[in-house]
Each structure stands twice: as C-alpha cells, then as structure tokens.
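Student: I have a structure to go through with you. Can we take it piece by piece?

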Amino acid sequence: MQEGLLEKITEDLSDDDLGLLLLIRHFERKLLDLFGQGLVQGTTHTCLGQEYVPVALAPLLGERDFVFSNHRGHGHYLARFRDPYGLLAEILGREGAVCGGVGGSQHILSGRYLSTGIQGESLPVAAGVALHLRDAEPGALALAYVGDGTWGQGAVYEALNMAALWRLPLVVVTENNGIAQTTPTSAQMAGTIGDRARAFGCRFLHVGSRDIGEIRDGLRPLFERTREGAGPLVVEFATHRLGPHSKGDDTRTAEEIRRARDHDWYPREGATVSPRFARMDAEARAFVEVVAGEVLGRPLSAREG
Amino acid sequence: MRVAESLNRALHEVLADDSSVRVLGEDLLDPYGGAFKITKGLSSRFPGQVLATPISENGIVGVAGGLALAGGKAIVEIMFSDFVTLAFDQIVNFASKSVSMYGRPLRLPLIVRCPSGGGRGYGPTHSQSLQKHFIGVPGLAVYEVSPFDDHRELFGEMLARGEPCLLFEDKILYTRQIFEDGIADDLFRYDVLPQAGQVTRVYLEDPEQADCVIIAPGGMAHRALAAMRTLLLEREITCLLLVPRRLYPFDVAPLSPLLERTGAVAVAEESTAGGTWGAEVAQQVHSRLWGRLRRPVSLVHSAASVIPAAAHLERDVLVQDTAIVRAVQELLP
Ligand SMILES: Cc1ncc(C[n+]2csc(CCOP(=O)(O)OP(=O)(O)O)c2C)c(N)n1
C-alpha cells in the first residue's frame with residue numbers, strides 16, 4: 001500500500017499538485033532551518049507530512065468560500081494563495097508581510113482566509129460565517145481546519161450543535177496526526193471523532209488515503225451536498241506529523257517518529273524515484289531558497305492603521 | 001417610557017433600518033421575547049433577523065463574530081451578564097483582537113448586550129456587574145445604558161464604531177422611566193456634553209456651581225440622584241453628576257475644567273471592590289489634576305463579596321445612595 005501510494009504520487013499527480021506539495025514541504029523545511037539560525041521569532045508550527053490535505057482540498061474550494069485555519073496553517077495558506085513571499089515576510093516581519101508582521105505565523109487574514117491561535121475558537125466563528133453565507137451567498141461554504149487535540153474544546157460542540165440545527169454550510173476538517181503538542185490522542189480523546197460528529201447529526205467521513213485524486217473524488221460530492229443545504233460535514237484525515245510540534249519540541253520516541261516517516265508521501269530518496277520528481281523537487285527547493293534570500297533582504301515590515 | 005421599552009423600541013428601529021443586523025440570544029423568540037423582554041416583538045416582526053440559540057454563550061458570540069466578519073452586523077443578548085464570562089475568549093481573543101491583529105483595521109460591528117447588576121435577589125451568579133473585567137482591552141468598547149440616553153442613537157453609535165462593544169444594562173434600570181426634556185426630577189436638570197463623548201451632566205440650576213463632582217455610569221444614576229438630594233437638603237452640598245455613555249475607552253480630559261472647579265471628585269459604580277473602572281478613572285483624574293484636588297478621588301463600589309440572595313444581605317454588599325453620601329461628605333469635611 002505504501003509503495004502504491006508512492007507510485008501514485010510520483011506518476012499520477014499533476015505537475016500543479018506535485019509542485020504545490022513540494023513548495024509547502026520546502027517552505028516548512030526552510031522555516032525550521034531559519035529557526036535553527038535564530039532568524040525566526042516566537043514559534044511556528046510546521047505541517048511537514050500533512051501537506052497533501054490542503055493540496056487535495058484546494059480545487060474543491062471556490063473564491064467565495066471561507067477558510068479558517070489554525071496554528072499549523074502554512075500549508076493551508078500556501079494551498080489557497082501560493083504566496084510564499086507574503087507568508088514568509090509575515091513570519092519574518094519583513095516588508096510585504098500579509099498582515100504587516102502583527103499576526104506572525106498563527107494569525108493571518110487575507111481575503112476569505114483567516115487563522116488564529118486559540119484552539120477551537122474558530123469553529124463558532126466559522127459557523128457564524130456559514131450562517132451569513134447560507135442566507136446571503138447560497139452555494140458558498142466555510143471550511144475550518146482543526147487538530148485532533150482541539151476536539152477537547154467546548155467551543156467545538158457548541159458550534160457543531162448550532163451548525164447542525166441550522167443546517168449551515170460548514171465543513172470541519174480534522175487533521176488527526178495522533179498527537180496534540182506532546183499528548184497522544186489516545187491520552188486525550190474518549191470515543192471517536194466520527195461518533196461525536198454523528199451525535200450531532202453531522203455527516204462524517206474518515207479519510208485514511210493519502211492519494212490526492214482519491215480524496216478529491218470522495219469529498220467532492222459531500223462538499224456539494226453541504227453547499228446545497230445538507231448541513232455540516234466533518235472530515236477526519238488520519239495523518240502524520242513528521243516534524244516537531246513547533247520548532248524543536250518533539251517528545252516522541254525514535255520509533256514513533258520512524259513510523260510517522262514511513263507514512264510520508266515524500267520519498268526520502270525522492271530524487272531517485274522518477275526524473276520528474278527529481279526535477280520538480282530541485283526546482284521547489286531552489287525557489288524557496290530564492291524566496292528566503294529575497295525576503296530576508298527586505299526592510300522590516302510596517303503596520304498599517 | 002420605561003428604559004426596557006426604550007431599548008426594545010430602539011432595537012425595533014435598528015432592525016427595521018438595517019436588514020443586515022441580526023439579533024441572537026437564548027429564549028428571545030415571541031411570545032417570551034427574552035428574559036427581560038427587551039427583544040419582545042422582534043422575532044414576529046423580523047423573523048429572518050432574530051435567532052434563538054442554544055445555551056452556548058461562547059458559541060453565540062463566536063457566531064456573531066462570524067456574521068460581523070462576513071459583512072453582517074450582530075447584536076447578542078447574554079441572558080444575564082454573569083454568563084458573559086463564558087464568552088470571554090470570543091470577546092477578548094477573537095472579536096476585539098481581530099480588528100487589529102491582522103495588521104490593518106478590520107470592521108467587526110458586534111454588540112454584546114449584558115443585563116447586569118443586583119438588587120433583585122437573584123443571588124451570586126445572576127447579579128454581578130462585570131464591567132471591570134472588560135476595561136482596558138484593546139479594540140473593545142464598553143458602554144452602559146443610562147436613563148438619560150437616546151437608545152436608538154446609542155445602538156447606532158456602537159454599530160458605527162465597527163469594533164466589538166459590550167453594553168451593560170442595569171436590570172433595575174429596566175423598570176425605571178427614562179428622563180426627558182432635560183429634567184431629571186423636581187430638583188435636577190441635565191444636558192449632554194457631546195464633546196466629551198456624550199457625557200450627561202446633571203446639576204442643580206447652574207452646572208458651573210457645584211461643591212463636588214460625582215462620576216457614575218447609567219445604572220447608578222438613580223442612586224446618585226438620591227444621594228445628591230440628601231446632600232443638598234441635609235448638608236447644603238451641591239453635586240454635579242457626570243454620566244458617561246461609554247466607560248471604555250474613557251477620556252477624562254474634556255471633563256477636566258468641571259472637575260478642577262470643585263477639586264472634589266467621587267466615582268461610583270456597582271462592581272465589587274478591586275481593579276475597578278472607577279480606579280481607572282481616578283488614575284486619569286489624579287495624573288491630570290493632582291495638586292488641584294482637595295483630596296484623592298473617592299471610589300464608591302460594592303463590597304469585596306459575592307452578592308447574596310437575601311435582600312438584607314444583598315443590600316449590605318451593593319452600593320447604596322448612602323455610600324455615595326458618605327463618600328462626598330468625606331471629600332468635603
Ligand atoms: C485554547 C488553547 N489551548 C492551548 C493552546 C496551546 N497549543 C497550541 S497547539 C496545541 C496542540 C494542538 O493539538 P491539535 O489540535 O491536535 O493540533 P496539531 O498541533 O496536532 O496540529 C496546543 C495545546 C492553544 N493554542 N490554545
């Protein structure tokens with residue numbers, strides 16, 4: 001199965017999807033590298049290993065849809081805007097920063113994309129936006145990303161209850177990477193996300209696949225039904241976080257990290273797998289170097305208003 | 001007209017004037033019309049704009065924030081202001097931060113209405129005045145309903161601010177008559193100082209002639225008036241009462257000439273002792289007028305206590321007009 005996945009990724013993916021996956025991968029790696037050099041302030045949570053989730057979802061979302069992201073949002077942002085310059089400038093506090101450097105890694109607003117750093121807080125807000133969309137712009141939806149750990153928050157349930165009651169066009173995407181900061185899901189969640197979603201009458205889909213085409217085909221009709229008024233949809237991706245929680249705080253054993261790596265879509269020896277992969281991988285890596293060099297050379301950002 | 005009716009009318013007008021405004025809260029559908037009937041009639045007349053919600057204070061304020069974010073306007077009713085603590089995250093970490101944390105101003109027209117205060121024997125979890133917990137939050141404005149105000153104008157001002165506003169509504173005030181035509185009662189007159197942010201000025205004959213200034217939010221107005229009457233009739237002390245429409249942000253500068261003239265200032269509020277709004281006002285007065293004050297600004301507030309249910313015990317804890325009388329007498333020995 002793993003080999004099959006690898007084949008698919010290297011053979012069937014469009015250049016566009018593969019390019020985006022690799023952009024996110026190299027962006028995140030570069031960030032950890034910049035951190036190591038002391039060039040990034042505060043904290044930053046990379047989505048290494050989870051890149052395929054927003055890449056798979058990207059074409060399912062339209063311009064009028066709202067996306068709510070969380071602390072681990074770089075991939076969500078890049079998949080929506082393909083704007084590594086603005087994002088890196090935001091994280092580094094340089095000119096051209098999407099939010100003037102005020103928000104940093106976790107607090108970004110751009111058009112109909114918003115991220116914030118309080119777990120669970122975005123769900124009621126996304127429900128409110130979905131309520132507005134339901135009445136003012138039928139056919140549009142609000143999508144909110146949360147981690148498995150965030151299912152500990154009461155706000156999640158208040159929002160699901162209202163969203164289901166009012167049949168809101170809300171999609172809650174859970175990236176279940178099996179761990180919340182240092183706490184394994186098994187130590188913080190009773191029961192399952194599916195049972196919880198179903199308890200509110202929400203439609204639920206568990207996604208074990210990392211095959212982008214398969215994920216899209218599975219989700220497209222469910223998204224459509226949400227747009228048409230079928231009420232909220234909860235999607236749970238079984239995924240893996242390759243990197244540390246934020247910059248260097250990995251408490252997992254070597255064995256656990258190895259297991260996460262075994263699930264990586266990015267072949268460690270990727271360069272040798274196919275000529276196309278090798279070429280695009282090198283291109284993405286080089287592009288991110290250019291982005292980083294250019295952004296680091298910019299003056300410090302200024303705050304508007 | 002009673003204050004409750006005036007607020008209800010104002011909400012009717014707000015919804016009629018602007019179809020992008022939504023009102024959300026628990027139990028506010030007709031025939032009930034909200035625990036204090038402030039939202040009565042709204043759901044029948046504007047069914048699409050009024051939404052009854054589950055008991056989910058944090059969730060409701062979040063939903064309201066989302067509506068405002070997406071281009072609507074939202075007014076939330078918290079059944080008893082005590083429960084606004086459950087929405088603290090959405091108010092402090094989402095709504096008020098969002099107007100500035102994305103590096104550029106973002107409009108978020110959102111009002112959270114909070115029926116507050118004691119005096120009805122509702123006990124410790126249904127009688128608090130939590131204003132002080134929301135003072136000093138960047139991007140959050142705190143208002144208090146006053147019987148001197150035009151409430152339609154008040155809602156208009158808050159929505160036009162484009163940032164989240166908390167509106168505290170003293171429950172005792174609901175049953176009181178609103179003041180009209182510049183007449184507070186047989187003794188006192190009032191007018192409004194627009195240049196000071198719509199601060200109401202209540203005075204005996206001549207606003208320039210007073211021995212002492214009392215600054216108090218709308219919910220204290222009647223107690224302050226009662227104290228002023230006692231002070232006048234029993235001690236021949238004349239007070240000027242200033243009732244700010246907005247408690248935070250609050251700028252004492254435009255009031256300085258009035259305060260300076262007497263050099264004696266008391267701030268009265270119903271919040272319990274410690275970290276109060278009054279302390280914030282006093283700090284501003286001290287740093288502007290130190291040396292021209294006869295004594296430090298006097299703070300009048302409820303005792304540092306939970307608010308008991310039994311009427312006699314509750315009375316001991318909450319600010320009464322007698323406490324204001326005492327404070328003014330201490331200022332003018
Ligand atoms: C309300 C709140 N509590 C705690 C935190 C600190 N925190 C940031 S990320 C995180 C773990 C989140 O886990 P999960 O939801 O599983 O997402 P993941 O990090 O695995 O993507 C925690 C505890 C926070 N940001 N917000």
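Student: Start with α6(A). Why is it largely enclosed by the rest of the structure?
Tutor: Because 12 of the 15 residues of α6(A) are buried. Buried means under 20% relative accessible area (1.4 Å probe, protein chains only). Among them are A:Leu123, A:Val129 and A:His132.

Student: What are the ground rules here?
Tutor: This is a predicted model, where local features need pLDDT of at least 70 and side-chain atom pairs count only at pLDDT 80 or more, while totals for chains, interfaces and linings use all residues. Residues are numbered from 1 along each chain, chains are lettered from A and ligands numbered from 1 as written, and side-chain values use heavy atoms, without hydrogens or water.

Student: Chain B next. How is it divided?
Tutor: Into domain 1 (3-170) and domain 2 (189-331). Those bounds come from an automatic or database domain assignment.

Student: How much area do domain 1 and domain 2 of chain B bury between them?
Tutor: About 2,400 Å², with 56% of it on carbon and sulfur atoms. Buried area is the accessible area (1.4 Å probe) that two parts lose on being put together, summed over both.

Student: Which three residues of domain 1 supply 30% of the area it buries against domain 2 of chain B?
Tutor: B:Lys132, B:Glu144 and B:Phe148, more than any other three residues.

Student: How many salt bridges between the two domains of chain B?
Tutor: The count is 4. A salt bridge puts a side-chain nitrogen of Lys or Arg within 4 Å of a carboxyl oxygen of Asp or Glu.

Student: What does B:Arg245 form a salt bridge with?
Tutor: B:Asp149, with the closest N and O atoms 2.9 Å apart.

Definitions and conventions
Buried means under 20% relative accessible area, exposed over 50%, partly exposed in between (1.4 Å probe, protein chains only). Helices (H or I, at least four residues) and strands (E, at least two) are DSSP runs, numbered from the N terminus.
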